[in-house]
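Subject: Structure handover

Hello,

I am passing this structure on to you. Please open it first, then read the notes below.

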Amino acid sequence: MLFLATGAAAAVGAGFLAWPFVAQMNPDASELALSSTELDLSQIAEGQVVTIKWRGKPVFVWNRAKDQIEKAKEVKLEELIDPLARNENLEPDAPATDANRAAKDKENWLVVVGVCTHLGCVPIANSGDFGGWLCPCHGSHYDGAGRIRRGPAPQNLDVPPYAFESDTKIKIG
Ligand code: FES
């Protein structure tokens with residue numbers, strides 16, 4: 001299930017090439033049947049983003065460095081285009097604080113669906129003006145918590161349902 005696990009920028013850059021548009025990656029029945037995906041986190045270095053495939057979609061798993069976390073935490077809710085956490089593990093009205101976007105009690109881990117909320121392109125990691133992702137299709141910038149900060153995308157990147165099975169393993173879905 002591990003689709004790609006190399007250097008951060010390269011990983012997601014390659015992911016972008018592999019998955020330029022959601023329309024081209026519609027999951028087939030066998031992929032949809034795999035409703036959950038496990039990932040070993042032990043090989044993901046600090047600062048590295050890995051892209052895995054879950055239910056036919058890319059999911060970004062980012063081991064955020066301290067400065068990246070601090071930058072995301074400094075953002076005030078009033079600055080956000082979308083004030084909702086969009087985190088399937090929380091209530092639908094949970095605010096988009098960094099704590100509500102990152103993994104519970106493991107703030108270095110950020111897990112988001114890698115599908116731009118504008119028209120579905122795959123954003124590029126470590127790009128854009130806010131320390132997160134840039135969607136090159138129409139210029140949507142996401143910050144270090146995957147929150148939309150500039151551009152036409154209306155919502156933050158979705159946080160899929162996931163849980164830690166151990167300190168070094170997560171199960172998505
Ligand atoms: S699809 Fe991402 S900005 Fe349009």
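Let me start with one cysteine: Cys135 is buried, at a relative accessible area of 2%. Buried means under 20% relative accessible area, exposed means over 50%, and partly exposed lies in between, using a 1.4 Å probe and protein chains only.

Some ground rules. This is a predicted model, in which local features need pLDDT of at least 70 and side-chain atom pairs count only at pLDDT 80 or more, while totals for chains, interfaces and linings use all residues. Residues are numbered from 1 along each chain as its sequence is written, and side-chain values use heavy atoms, with hydrogens and water left out.

**Cysteines**

Cys116 is also worth a look: it counts as buried, at 5% relative accessibility. Next comes the disulfide count, where a disulfide is a pair of cysteine sulfur atoms within 2.5 Å. By this rule the count comes to 1. In general, a disulfide is a covalent bond between the sulfur atoms of two cysteines.

Which residues form the disulfide? They are Cys121 and Cys137, with sulfur atoms 1.9 Å apart. The link of Cys121 and Cys137 is left-handed, with -100° about the S-S bond. Cys121 lies in the loop between strand 4 and strand 5 (124-127), and Cys137 in the loop between strand 6 and strand 7 (140-143), so the pair ties together parts that are 16 residues apart in sequence. Strands here are DSSP runs of E with at least two residues, helices are runs of H or I with at least four, and both are numbered from the N terminus. Cys121 is buried, at 3% relative accessible area. Cys137 counts as partly exposed, at 27%.

Now the strands. Two strands pair if DSSP finds at least two bridges between them. An open sheet is formed by 3 strands, in the order 2-3-4, with antiparallel pairing. Strand 2 and strand 4 stand at the edges with a single partner strand each, so one side of each has no neighbour in the sheet. From one strand to the next, the twist averages 20°. The axes are lines fitted to C-alpha atoms (for helices, over the stretch in contact), and angles run from 0 to 180 degrees between N-to-C directions.

Strand 2 and strand 3 pair over 6 bridges, in the antiparallel sense. In this pairing, Thr51 stands opposite Phe60 in strand 3. Strand 3 is joined to strand 4 by 5 bridges, and these two run antiparallel. Here Asn63 stands opposite Trp109 in strand 4.

How many residues of strand 4 are buried? The count is 5 of its 5 residues. Both of its faces are covered: Trp109, Val111 and Val113 on one side, Leu110 and Val112 on the other.

**Aromatic pairs**

Rings of Phe, Tyr and Trp (its six-membered ring) pair if their centres lie within 6.5 Å; planes under 30 degrees apart count as stacked, over 60 as edge-to-face and the rest as tilted. The count comes to 3 aromatic pairs. The rings of Phe60 and Trp133 have centres 5.3 Å apart and planes at 15°, so this pair is stacked. Phe60 is in strand 3 and Trp133 in strand 6, 73 residues apart, and the pair links distant parts of the chain. Both Phe60 and Trp133 are buried.

Trp62 and Trp133 form an edge-to-face pair, 5.3 Å centre to centre with 80° between the planes. Trp62 lies in strand 3 and Trp133 in strand 6, so the pair ties together parts 71 residues apart in sequence. Phe60, Trp62 and Trp133 form one aromatic cluster.

**The nonpolar core**

A nonpolar core is a set of buried Ala, Val, Leu, Ile, Met, Phe, Trp, Tyr and Cys residues joined through side-chain atoms within 4.5 Å. The largest one has 30 residues, and Val61, Trp133, Tyr142, Ile170 and Ile172 touch the most other members. Strand 2 (49-54), strand 3 (57-63), strand 4 (109-113), strand 6 (131-135) and strand 10 (169-172) each supply at least two residues of this core.

Contact means heavy atoms within 4.5 Å. Leaving aside neighbours within four places in sequence, Ile170 is in contact with residues including Leu39, Val61, Val111 and Phe164.

**One asparagine**

Asn100 is in helix 4 (residues 98-101). Asn100 is buried, at 18% relative accessible area. Its C-alpha atom and that of Asn87, 13 residues apart along the chain, are separated by 7.2 Å.

Best wishes
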